[in-house]
There are 2 protein chains.
Amino acid sequence: MRVAVVQTDPVFGEIETNVRDAISTMEGVEADLFVLPELFNTGYNFVDVQEADRLSESTSGYTFDLMSTFARRKSCYVAYGFIEKTVRLYNSATLVGPYGMMGLYRKIHLYNKENLFFSPGDLGFPVFNLPIGRIGIMICFDWTFPESARSLALKGAQLIVHPSNLVLPYCPDAMITRSIENRVFTATADRVGTENRGGVSFTFIGNSEIVATNGTVLQRLGSKESGVAVAYIDLQEASKKRLNQYNDLFEGRRPDQYSL
Amino acid sequence: MRVAVVQTDPVFGEIETNVRDAISTMEGVEADLFVLPELFNTGYNFVDVQEADRLSESTSGYTFDLMSTFARRKSCYVAYGFIEKTVRLYNSATLVGPYGMMGLYRKIHLYNKENLFFSPGDLGFPVFNLPIGRIGIMICFDWTFPESARSLALKGAQLIVHPSNLVLPYCPDAMITRSIENRVFTATADRVGTENRGGVSFTFIGNSEIVATNGTVLQRLGSKESGVAVAYIDLQEASKKRLNQYNDLFEGRRPDQYSL
């Protein structure tokens with residue numbers, strides 16, 4: 001299958017512009033699954049919870065409408081981050097396909113002031129069994145906790161999609177380890193640009209990437225420009241957890257010896 | 001404290017030579033803790049279990065005698081890998097100090113044909129509370145399983161010593177992730193050289209390294225030559241699990257949301 005990471009440079013608060021730009025970018029690309037950044041439609045640097053609330057949507061809101069129309073028309077899947085509004089606000093990601101919404105994830109490990117705006121995720125780490133393969137979702141800072149990708153891989157994920165808004169430099173190389181230790185493909189879609197609001201400035205590092213099960217970086221974008229990178233991947237590779245005659249990556253775990 | 005990784009090029013089966021050479025190398029180096037490779041005194045490429053048995057020792061055998069004498073004389077600690085013989089054989093590492101044996105670890109994740117020679121470790125991942133700091137031990141292939149370093153860090157390890165015999169290229173960079181995700185120092189002591197025995201050849205990659213809690217590679221040796229690298233490290237850095245006002249690396253774990 002063909003997975004694409006879409007590296008965007010959104011305008012803060014301009015949902016319509018950001019969704020339209022993302023769709024315009026994806027229009028020209030052939031892929032079975034597109035991965036967009038965390039909060040790709042709103043931007044990241046909220047000054048208060050009221051602002052985050054104002055930019056939130058239900059799972060069937062404006063952004064979902066356009067993404068599901070796109071996915072139906074192109075017969076593809078799209079994973080994208082947005083502010084989900086229920087009685088609470090979540091930093092969420094939806095996986096939408098030709099037949100509508102296929103999956104939802106609510107970010108479990110909230111970073112820094114996100115804790116002021118969002119409730120921590122309460123849906124666990126989900127894996128969705130699609131015709132194109134078994135897709136798991138985590139968001140940005142989840143990478144820091146090895147339990148995130150591990151949970152997804154143990155639940156059968158062959159590809160982990162990873163919408164992100166990265167400001168620190170560590171994640172792109174760490175995702176190589178996440179792929180190797182779990183023998184899964186990973187697709188991190190990050191954004192670029194700087195948001196300076198309320199005296200707080202964030203610069204996002206881009207470096208969106210697609211990593212193979214053996215840690216090979218199949219695609220990695222730059223740190224400044226928006227863009228798209230596509231990789232052809234065979235998800236069956238992620239089902240081979242056997243390293244040699246004596247080692248299986250998952251059967252070889254020794255939970256009785258761990259202190260977790 | 002000063003930690004040293006000692007990268008050796010042992011002669012297969014020549015325990016006396018290998019121990020003498022290691023001590024000779026360490027003599028000229030000022031350090032509080034020396035880390036030697038996995039199976040540093042025997043070599044790695046056993047043709048059968050009888051050979052491994054012939055090269056095994058009790059925890060108070062020849063190698064321990066010389067290492068504990070060295071540690072007493074130099075008022076330092078040494079972690080080294082050897083074949084431990086009880087009623088079984090283990091791929092073990094001993095931590096010896098000025099007052100004798102301080103700790104023992106038996107490799108939990110055995111790699112490939114090691115499964116023919118050794119019994120899997122049964123002591124968990126141990127952390128030893130020494131005057132120089134809290135030291136955890138894991139051996140070589142344990143790095144592949146994030147649960148290894150995680151278990152040690154959650155038990156309070158500030159520095160993970162990691163005797164290794166690496167043949168694949170992935171570990172040195174992955175140990176950067178291990179340091180970052182746990183905010184611990186790591187010291188991987190690997191060997192160099194090639195062992196061709198019984199028609200099976202292994203070439204070891206060296207690249208012994210010391211990594212700081214933020215992932216900075218403080219020292220990394222080359223892939224061909226034996227040698228020693230020393231780093232001054234402040235183990236208190238590893239006790240700071242707080243990343244910012246809202247995130248603590250360990251308190252922020254969400255075991256109720258994991259599937260492990």
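Reader: With which side chain does the side chain of N91(A) make a polar contact?
Author: The side chain of N91(A) makes a polar contact with that of E38(A), at 2.7 Å. A polar contact is a pair of N or O atoms within 3.5 Å; within protein, one must be able to donate a hydrogen and the other to accept it, and residues adjacent in sequence count only if both atoms are side-chain atoms.

Reader: Before we go on, what is the basis of these values?
Author: This is a predicted model, in which local features need pLDDT of at least 70 and side-chain atom pairs count only at pLDDT 80 or more, while totals for chains, interfaces and linings use all residues. Residues are numbered from 1 along each chain as its sequence is written, chains are lettered from A and ligands numbered from 1 in the order in which they are written, and side-chain values use heavy atoms, with hydrogens and water left out.

Reader: Where is N91(A) placed, and is N91(A) buried or exposed?
Author: N91(A) belongs to strand β4 (residues 89–97) of chain A. Helices (H or I, at least four residues) and strands (E, at least two) are DSSP runs, numbered from the N terminus. N91(A) is buried, with a relative accessible area of 0%. Buried means under 20% relative accessible area, exposed over 50%, and partly exposed in between (1.4 Å probe, protein chains only).

Reader: Which residues does N91(A) touch?
Author: Leaving aside residues up to four places away in sequence, N91(A) touches several, including E38(A), R106(A), K107(A) and E114(A). Contact here means heavy atoms within 4.5 Å.

Reader: What does K107(A) form with E114(A)?
Author: They form a salt bridge, with the closest N and O atoms 2.8 Å apart. The term denotes a side-chain nitrogen of Lys or Arg within 4 Å of a carboxyl oxygen of Asp or Glu. K107(A) is buried at a relative accessible area of 1%, and E114(A) counts as buried at 4%.

Reader: And R106(A), with which residue does it form a salt bridge?
Author: With D122(A), the closest N and O atoms being 3.1 Å apart. D122(A) lies in the loop between α4 (114–117) and β6 (127–130) of chain A and R106(A) in strand β5 (residues 100–106), so the pair ties together parts that are 16 residues apart in sequence. D122(A) is partly exposed, at 37% relative accessibility, whereas R106(A) is buried, at 12%.

Reader: Turning to chain B, which side chain meets that of R106(B) in a salt bridge?
Author: That of E84(B), at 2.7 Å from N to O. The pair links distant parts of the chain, 22 residues apart: R106(B) is in strand β5 (residues 100–106) and E84(B) in strand β3 (residues 77–85) of chain B. R106(B) is buried, at 12% relative accessible area, and so is E84(B), at 2%.

Reader: What area is buried between the two chains?
Author: About 3700 Å² is buried between chain B and chain A, with carbon and sulfur atoms giving 59% of it. Buried area is the accessible area (1.4 Å probe) that two parts lose on being put together, summed over both. In chain B, E147(B), Y246(B) and Q257(B) lose the most area to chain A, together 16% of what that side buries. The contact involves 44 residues of chain B and 44 residues of chain A.

Reader: One last topic: why is strand β9 of chain B largely enclosed?
Author: In strand β9 (residues 185–189) of chain B, 5 of the 5 residues are buried, so the rest of the structure largely encloses it. F185(B), A187(B) and A189(B) point one way from β9(B), and T186(B) and T188(B) the other way. Strand β8 (residues 159–163) of chain B runs parallel to β9(B), joined to it by 5 bridges; two strands pair if DSSP finds at least two bridges between them.
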